[in-house]
Structures are given as C-alpha cells and as structure tokens.
Amino acid sequence: MFGHHHKGSAPKDPENLVLQPRNVTFDWTDLPTHWVPNEPLVTHTCNVLHLLLPAGERWFIDVFAQAVPLIEDAKLREAVVGFIGQEAIHARSHQSVLDHWKARGIDTDPYVQQVDWMFRKALGDRDLNSSPKHREEWLIERLAIIAAIEHITAMLGNWALNAAALDAAGADATMLDLLRWHGAEEVEHRAVAFDLFTHLDGRWHRRARAMLVTAPIMAWLWIRGVAFLFRVDPELGRRVKPRWVHFFWAGHRRLLPTARQLIGTTFNYARPFYHPSKEFSTSQAVAYLATSPAALAAEA
Ligand SMILES: [Fe+2]
Ligand SMILES: [Fe+2]
C-alpha cells in the first residue's frame with residue numbers, strides 16, 4: 001500500500017491533456033432506492049457523495065477563482081480554469097440526484113444544510129482585518145485542504161473505474177455512469193489542485209497536515225451521512241441501522257473501497273515526494289470518457 005504506484009502495462013499517459021468540461025445530464029426516473037440491489041449499505045455509502053459534493057465542489061470553485069489572479073504560469077492557469085469548468089458540472093450532476101429524491105419525498109436538506117454551513121462559514125472567506133497577508137495565508141490553507149480532498153476524489157474515481165464487482169452486483173447503469181464519468185474526470189485533473197498549492201506555497205508539512213486534518217473529518221462526515229440516509233430511506237425499517245460488519249464485508253467483496261485502501265491512500269499522500277501523477281491512469285480515464293453514455297450524449 002505504501003509507495004505503491006501505478007506501473008507497468010498501461011499505455012503511457014497522454015501529455016498536454018486539455019481539461020474539458022463535458023455538459024452531461026442524467027435521467028433518474030428509473031433509479032431504484034437501492035441501486036445496488038439488496039445492498040443498502042453499499043448504496044448509501046456511495047450516495048454520501050451526492051450529499052457532500054454539490055456544496056463541496058462549489059466551494060472548490062469559489063476558492064480556486066480567488067487563486068486565479070495569483071497564478072504566474074499560463075499552463076497552470078489554463079488547467080485551473082478547466083478544473084473549475086469540470087467541477088461545476090460535477091456539483092450540478094450530484095445535485096440532480098438530491099432533486100430527484102426530493103421530488104420523491106426524500107428530503108436531504110437537514111444534512112446538506114450542515115455540510116453547506118461547514119463549507120460556506122467554517123471554510124468560507126473570513127474577515128481577517130483586511131490584511132492581504134492573512135487573506136493569502138487563509139487562501140493557501142484552503143488550497144491545501146482542496147488538494148487533500150482532490151487526492152481522495154481521485155482515489156475514489158480510480159476505484160470506481162475499476163470496480164467490476166459493482167457491475168456484477170447489478171448496479172444501476174445510469175448511476176454507475178455518473179460515478180465513473182465523474183471519477184474519470186477526477187483522475188484526469190488529479191494533479192491540478194496539488195500543482196496549484198505547490199505553485200503558491202508547496203511546503204510539505206503544510207500539505208501533510210492538511211491531509212491529516214481532512215481525512216478524519218471526511219470519514220466522520222461519511223459515517224454521519226450513511227446514518228442519515230438510513231434514517232430517511234423509505235424502504236428500510238426504522239430500526240435498521242448501518243453496521244460496520246457490512247462495511248467490511250462489502251470491502252471484502254470489492255463493492256466498496258476497503259478501510260486499508262482508504263487509510264493507505266491518506267498516508268501515501270502525506271509522504272514528502274508524493275505527486276498525483278505517480279498513481280492512477282489518465283489513459284484509463286480518457287478511455288472511459290470516450291465510451292461513457294453521458295459523455296457521448298453530451299457530445300452529440
Ligand atoms: Fe469533481
Ligand atoms: Fe475534482
């Protein structure tokens with residue numbers, strides 16, 4: 001796990017990849033409540049993405065937009081603009097799942113409002129006595145947090161692209177396409193937040209610290225998110241609660257990332273000479289995007 005890099009047989013990753021937003025839309029009319037059949041824990045663990053990402057990715061965009069004027073590298077600026085375009089459509093697409101649920105009487109507002117508060121207030125712009133130095137420090141701190149989250153989204157994206165067990169379990173094709181289209185774009189732009197942080201600061205201890213703070217908070221949000229979704233799930237009895245044994249069992253069957261993978265990826269990122277280009281395959285991501293039903297429909 002530690003120091004495990006993507007290697008070997010995959011074709012060499014394309015250079016000078018231009019990040020393009022794909023204007024996808026998804027139709028949730030036929031989405032079953034448990035879109036991985038008979039797997040409420042797997043379904044809702046994946047569903048937490050819909051709770052966190054609309055608010056989270058909009059926050060990325062706000063913070064990145066503030067950083068654009070500080071960038072002194074034309075290629076990086078172009079990548080950041082491409083990143084912003086992709087994240088905007090990610091946020092919108094996950095939001096569309098929440099809207100679908102709401103139309104079906106499943107209200108996620110109580111949870112989403114807390115997530116929203118966290119991103120917009122706790123992690124929002126602060127009045128730092130208008131000192132430009134303090135404002136820039138707070139911006140860079142948030143860029144370090146975004147780089148850490150982007151490492152996690154790239155890891156999850158790579159996982160989704162390779163999760164053949166979800167197909168075998170009969171997971172809903174539209175939802176799988178959402179996860180893989182998004183996952184592929186996360187793999188595509190996995191170095192952008194890292195490179196932006198490096199360009200403006202890049203201190204290792206700061207990057208490592210941001211991950212060591214971010215990862216437990218993400219885990220806590222995820223656990224609470226799954227518990228929330230179990231409570232509002234109309235097809236589960238009131239007394240049905242998520243259980244850790246089901247999480248470990250799902251990981252064992254490759255229906256979710258394993259705890260070992262999740263912890264390993266955190267520490268891997270905290271290593272001094274880590275760079276996102278050292279793991280995951282851009283070629284695989286680009287290949288998926290060339291066949292993704294949503295991406296193809298967006299192109300047509
Ligand atoms: Fe995203
Ligand atoms: Fe991203």
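This is a predicted model: local features need pLDDT of at least 70, side-chain atom pairs count only at pLDDT 80 or more; totals for chains, interfaces and linings use all residues.

Student: OK. How many helices and strands does the protein chain have?

Tutor: There are 12 helices and 0 strands. Along the sequence the pattern is α-α-α-α-α-α-α-α-α-α-α-α.

Student: What radius of gyration does the protein chain have?

Tutor: The value is 19 Å. A compact globule of 300 residues would come out near 19 Å, so the chain agrees with that. Its C-alpha atoms fill a box of roughly 55 × 50 × 40 Å along the principal axes.

Student: And what share of the residues is buried?

Tutor: Buried residues are 38% of the 300.

Student: What about contacts along the chain: how many join residues at least 24 apart?

Tutor: Take the contacts between residues at least 6 apart in sequence. Of these, 85% join residues at least 24 apart.

Student: Switching to the core. Which residues touch the most other members of the largest nonpolar core?

Tutor: That core has 70 residues, and the ones touching the most other members are Leu 143, Ala 144, Ile 146, Ala 147, Ala 148 and Ala 193. Helix H4 gives the most to this core, with 14 residues.

Student: Pick Ala 147. What is Ala 147 in contact with?

Tutor: Beyond neighbours within four places in sequence, Ala 147 contacts Ala 193, Phe 194, Phe 197, Arg 207 and Ala 210. Three of these names, Ala 193, Phe 194 and Phe 197, are among the buried residues of helix H7.

Student: Which helices do the buried residues of H7 pack against?

Tutor: They pack against H1, H2, H4 and H8. Just after H7, Gly 202 has a positive phi of about 80°.

Student: Now H6. Is it enclosed or open?

Tutor: H6 is largely enclosed by the rest of the structure, because 14 of its 16 residues are buried.

Student: Where does His 189 lie?

Tutor: His 189 is in the loop between H6 and H7.

Student: Buried or exposed, that His 189?

Tutor: His 189 counts as buried, because it has 26 C-beta neighbours inside 10 Å and the cut-off for buried is 20 or more.

Student: What is His 189 in contact with?

Tutor: Leaving out neighbours within four places in sequence, His 189 contacts Leu 19, Gly 82, Phe 83 and Gln 86. As for Gln 114, its C-alpha atom is 28 Å from that of His 189, and the two are 75 residues apart along the chain.

Terms used. Residues are numbered from 1 along each chain as its sequence is written. Chains are lettered from A and ligands numbered from 1 in the order in which they are written. A residue is buried if 20 or more other C-beta atoms lie within 10 Å of its own, exposed if 12 or fewer, and partly exposed in between; C-beta atoms are placed from the backbone. Helices (H or I, at least four residues) and strands (E, at least two) are DSSP runs, numbered from the N terminus. Two residues are in contact if their C-beta atoms, placed from the backbone, lie within 7 Å. The radius of gyration is taken over C-alpha atoms; the globule rule is 2.2 Å times the number of residues to the power 0.38. A nonpolar core is a set of buried Ala, Val, Leu, Ile, Met, Phe, Trp, Tyr and Cys residues joined through C-beta atoms within 7 Å.
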